[in-house]
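Welcome, and thanks for taking a look at this chain. Below is a short tour, from the overall fold down to a handful of residues.

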Amino acid sequence: MEGRLLTVLVCLVSTVAIVNAGDPYFFHTWNVTYGTASPLGVPQKVILINGQFPGPNLNSTSNNNVVINVFNHLDEPFLLTWSGIQHRKNCWQDGVAGTSCPIPAGQNFTYHFQPKDQIGSYFYYPTTSLHRFAGGFGGLRVNSRLLIPVPYADPEDDYTVLLGDWYTAGHTALKNFLDSGRTLGLPNGVLINGKSGKVGGKNEPLFTMKPGKTYKYRLCNVGFKSTLNFRIQNHKMKLVEMEGSHVIQNDYDSLDVHVGQCFSVLVTANQAAKDYYMVASTRFLKKELSTVGVIRYEGSNVQASTELPKAPVGWAWSLNQFRSFRWNLTSNAARPNPQGSYHYGKINITRSIKLVNSKSVVDGKVRFGFNGVSHVDTETPLKLAEYFQMSEKVFKYNVIKDEPAAKITALTVQPNVLNITFRTFVEIIFENHEKTMQSFHLDGYSFFAVASEPGRWTPEKRENYNLLDAVSRHTVQVYPKSWSAILLTFDNAGMWNIRSENLERKYLGEQLYVSVLSPEKSLRDEYNIPLNTNLCGIVKGLPLPAHYS
């Protein structure tokens, strides 16, 4: 009876909070449809969630049960991921091709997850096909419970700022372009919350501030390939959080936000009462693209100055900014466990994996990959094949070596899955031999981004690691001809995606999965497959395996 009541509530209630003896439940119903919008002044087909582009902000508090019933009204399968949410013991809710069958056209699927104590700023987006090029993304925030204070006073208001580059071609045309073997050119523009503003134009304010008050701005780069520098005329930004970790609070004139990353900053309305421009401009591209959005002081009728603050030049500036980020060790907010130990730098590394990204032509078509393998998604999700003990029919483990060849000249196209022993402390080095900017993300975890340097990595480089207060996060950038190193404990059982946040590169193979299996096979380490899971591929129609006890 209880399960039937839950189903009825999910289907009929849009957003209702039900509090019981346990953690509260919040129910949402999302309708995914096509619509028309003109983000850059050109009408184009976009993906709407409940009629909105970008989609609605998903507002939650740590340990809330978030239940979202997603109805797919598109003409093709659809899937959402919750970027940065760790889904402890629950990769079934991750929403990527390696763990989940997509929602068929005309059908629905109900996600159910708990953010746990991941207080911070995130976003969600589609992972099927190239749907992200059409929209379907939105902000996701995890607020603090009262018993977990954050290291700053409550702001007057809390604003989500979704930054991203944008193409005027539709997602289907872009997919056909990539499938034909070519790569995409430069984006056509930059958006802030789905809009493009012009200096001196009649821009309606995106946000308002009361003089003397302090506001939180959550900055997320939801774009496809471009690092974006964000700045506000005449205002400093105090960085307080990134990707679920509170940081030492430094003031910045501007911030480089790499693809997939989210920062939270505090901005005080301490200037003359008028309008001010927010500016977002691309970095590390041959041509700079930019846009503006207006912040209005309450009661102002004075337009913003047309003199915009300039963006920094060169990637050395960006690297130095990355090195200025430090974890706030005195904050009372939650820490990842056991990675969150104050002494993570003293844990012995049990395995070191170097991932070198590369580009090659396979059968006349451009592909990208790691360590000589270009990943291809399978009809049967990897996790389902593994859970049903049929993995040998779908993929092979460890087709790449932990130490790649000195020179990678070709790519093999096949599923790329690493098997990593449960609860081992692992070092991963992302090494970029190309002249382009890279950004990489790991699902299911936060990791310590301990170093980023020019050149090639060698074991001696460990002497330069920050082993005290590196920020615990889920995305790390790698500069041209450079490397970045991360440390983490693989203590979250499941199948987890490591991917390029450059959507073009990810779609064409620059991703892999890590399988973390618990030898116990018990609910202590991993949840059972949900009863509402869609089954596809070779497991379609099969009875579910016996549940863990």
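## Overall make-up

Five helices and 34 strands make up the secondary structure of the chain; these elements are DSSP runs numbered from the N terminus, with helices being H or I of at least four residues and strands E of at least two. Please keep in mind that this is a predicted model, where local features need pLDDT of at least 70, side-chain atom pairs count only at pLDDT 80 or more, and totals for chains, interfaces and linings use all residues. Residues are numbered from 1 along each chain as its sequence is written, and side-chain values use heavy atoms, with hydrogens and water left out.

## Confidence

The average pLDDT of the chain is 93, and 94% of the residues score at least 70; pLDDT is the predictor's confidence in each residue, on a scale from 0 to 100. Residues 1-21 have a pLDDT below 50, and this stretch has 27 contacts in the model beyond near neighbours in sequence. A contact here means heavy atoms within 4.5 Å.

## Size, packing and surface

Of the 549 residues, 58% count as buried, where buried means under 20% relative accessible area, exposed over 50%, and partly exposed in between (1.4 Å probe, protein chains only). Among contacts with a separation of 6 or more, 78% come from residues 24 or more positions apart. The chain exposes about 21900 Å², with carbon and sulfur atoms supplying 51% of it; these areas come from the Shrake-Rupley method with a 1.4 Å probe, and for residues only the protein chains shown count as cover.

As for charge, the mean positions of the 54 positive and 44 negative charges are 3 Å apart. Lys and Arg count as positive and Asp and Glu as negative, while His and the chain ends are not counted; each charge is placed at NZ of Lys, CZ of Arg, CG of Asp or CD of Glu.

## Backbone details in the loops

Let's turn to the backbone. F53 and P54 are joined by a cis peptide bond with an omega of about -10°, and P54 sits in the loop between β3 (44-49) and β4 (58-61).

H87 is not a glycine, yet it has a positive phi of about 50°. This residue lies in the loop between β6 (80-83) and β7 (108-113) and is buried, at 2% relative accessibility. N193, also not a glycine, has a positive phi of about 50°. N193 belongs to the loop between β11 (189-192) and β12 (205-209), and its 18% relative accessibility makes it count as buried.

Y159 is part of strand β10 (residues 158-166) and counts as buried because its relative accessibility is 12%. Leaving aside neighbours within four places in sequence, Y159 is in contact with R141, F207, T208, Y215, K216, Y217 and R218. Y159 and T208 are 49 residues apart along the chain, with their C-alpha atoms separated by 9.8 Å.

T99 is in the loop between β6 and β7 and is buried at 2% relative accessibility. Not counting residues up to four places away in sequence, T99 touches C91, D94, P381, K383, L384 and M495.
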